[in-house]
Amino acid sequence: MLVARRIDEEAIALQRQGVLPGYAPMKGQEAAQVGSAAALDLGRDFAFPTYRDLGAAVAMGVDLAGYLASHLNIWHGGLYDPRASRLAPFNAVVGGPVTHAVGWAMGAKLDDTGGVALTYFGDGASSQGDVHEAMNFAAVYRLPVVFFCQNNGWAISVPTERQVAGGSVAARATGYGIEGVRVDGNDVLAVFDATREAVARARDGGPPTVIEAMTYRMGPHSTSDDPGRYRPLEEEQAWSERDPVARAGAQLSTVEVAAAEAHAAEVVRQVRERLTALGDRPREELFSFVYREPTKALLEQQRAWRESADA
Ligand SMILES: Cc1ncc(C[n+]2csc(CCOP(=O)(O)OP(=O)(O)O)c2C)c(N)n1
Ligand SMILES: [Mg+2]
């Protein structure tokens, strides 16, 4: 969790220094992300993140410079290996990872791999039509998937009360005849236990689960947002007293916390060094990662691009 916190801070600094064009900070959501991702079996499960799930990447041992390269706005969706890491490229389409996870879970069921998909989404995403379709489909076919909602109080400037009718994302599960559970998203062990149980149920052929982790986005929506324009400082201060990293740290001795800080500082140093050393990618690659087999139309565009590049 401390590595996630410190890399998150570093990513903001890199954005301010012009290295990253933009970044979506996750400060305050470390327990939700680390606790849930830690419950996966990386030998057979797969996670589908949003733009704000750095903590999942950290917990899954993903190459962090490669992961943060996703925020360079190049066309690769990052320079790490999603298949080996079991973490899909992050999806900036709100609700997008949810449908992908359900599709993957359908494949896992057909191939009988024993794998479980875990998808991240936000309180705002829960009001997207895609998310309803995904949950309904997963329930009908009893697919091995865990729907992990981080209810962080806000969808950019729209508060949960104006986004989630009925007040609960977890409660929606009842309508699909699947399991729904609400958990303190700032309690890493509670999140881990809830996710481990949901993953085990899915693996055993049980129903999918909707987990709603109640947490708070302590920073801005993105590096181009100013939350001071839409939410009171008192709200931020109240939640800072429930800081998940401080809560987890309180379980440790000062020596253990110091060791974790030293480790995090070293990870940050290495990530910064590698990220800033990345040169430009060959422009030709723009065409390489769209389809496994390029379409005729794409090849035509590539030819036109080459001609204009030569010109
Ligand atoms: C389909 C779609 N609609 C709108 C947007 C613009 N947008 C980006 S983030 C966001 C809010 C999402 O809120 P939430 O799901 O709560 O996730 P959070 O940002 O709080 O992590 C919106 C509306 C988008 N990226 N994709
Ligand atoms: Mg939100």
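Tutor: Gladly, and let us start with a definition: a charge sits over a ring if NZ of Lys or CZ of Arg is within 6 Å of the ring centre and within 35 degrees of the ring normal. This is a predicted model, where local features need pLDDT of at least 70, side-chain atom pairs count only at pLDDT 80 or more, and totals for chains, interfaces and linings use all residues. Residues are numbered from 1 along each chain as its sequence is written, chains are lettered from A and ligands numbered from 1 in the order in which they are written, and side-chain values use heavy atoms, with hydrogens and water left out.

Student: Which residue lies over the face of W239?

Tutor: Look at the ring centre of W239 and find the charge at 4.1 Å from it. The residue lying over that face is R242.

Student: How are the rings of F46 and W104 arranged?

Tutor: Rings of Phe, Tyr and Trp (its six-membered ring) pair if their centres lie within 6.5 Å; planes under 30 degrees apart count as stacked, over 60 as edge-to-face and the rest as tilted. A search of the whole structure finds 10 aromatic pairs. In the pair of F46 and W104, the centres are 5.6 Å apart and the planes are at 40°, so the arrangement is tilted.

Student: Where in the chain do F46 and W104 sit?

Tutor: Helices (H or I, at least four residues) and strands (E, at least two) are DSSP runs, numbered from the N terminus. The pair links distant parts of the chain, 58 residues apart. F46 is in strand 1 (residues 46-48) and W104 is in helix 6 (residues 96-111).

Student: Is F46 buried or exposed?

Tutor: Buried means under 20% relative accessible area, exposed over 50%, and partly exposed in between (1.4 Å probe, protein chains only). W104 has a relative accessible area of 23%, so W104 is partly exposed. F46 has 8% relative accessibility, so F46 counts as buried.

Student: Which parts of the structure do the buried residues of helix 6 pack against?

Tutor: Those buried residues are G96, P97, V98, A101, V102, A105 and A108. Using contact in the sense of heavy atoms within 4.5 Å, they pack against strand 1, strand 2, helix 7 and strand 3.

Student: What span does helix 6 reach from its first C-alpha to its last?

Tutor: The expected span of a helix is 1.5 Å times one less than its number of residues. Helix 6 has 16 residues, and 22 Å is expected. The span in the model is close to that, at 23 Å.

Student: Which residues coordinate the magnesium ion (ligand 2)?

Tutor: Donors are N, O and S atoms within 2.8 Å of the metal (3.2 Å for Na, K and Ca); water is not among the atoms, so sites may look incomplete. The donors here follow the spacing D-x28-N-x1-W along the chain, and they lie at 2.1 to 2.2 Å. They come from D123 (OD), N152 (OD1) and W154 (O).

Student: Which residue forms an aromatic pair with W154?

Tutor: The pair is tilted, at 5.3 Å centre to centre and 50° between the planes. W154 lies in strand 4 (residues 154-155) and its partner in the loop between strand 7 (209-214) and helix 10 (233-240), so the pair ties together parts that are 76 residues apart in sequence. Both residues are buried, and the partner is Y230.
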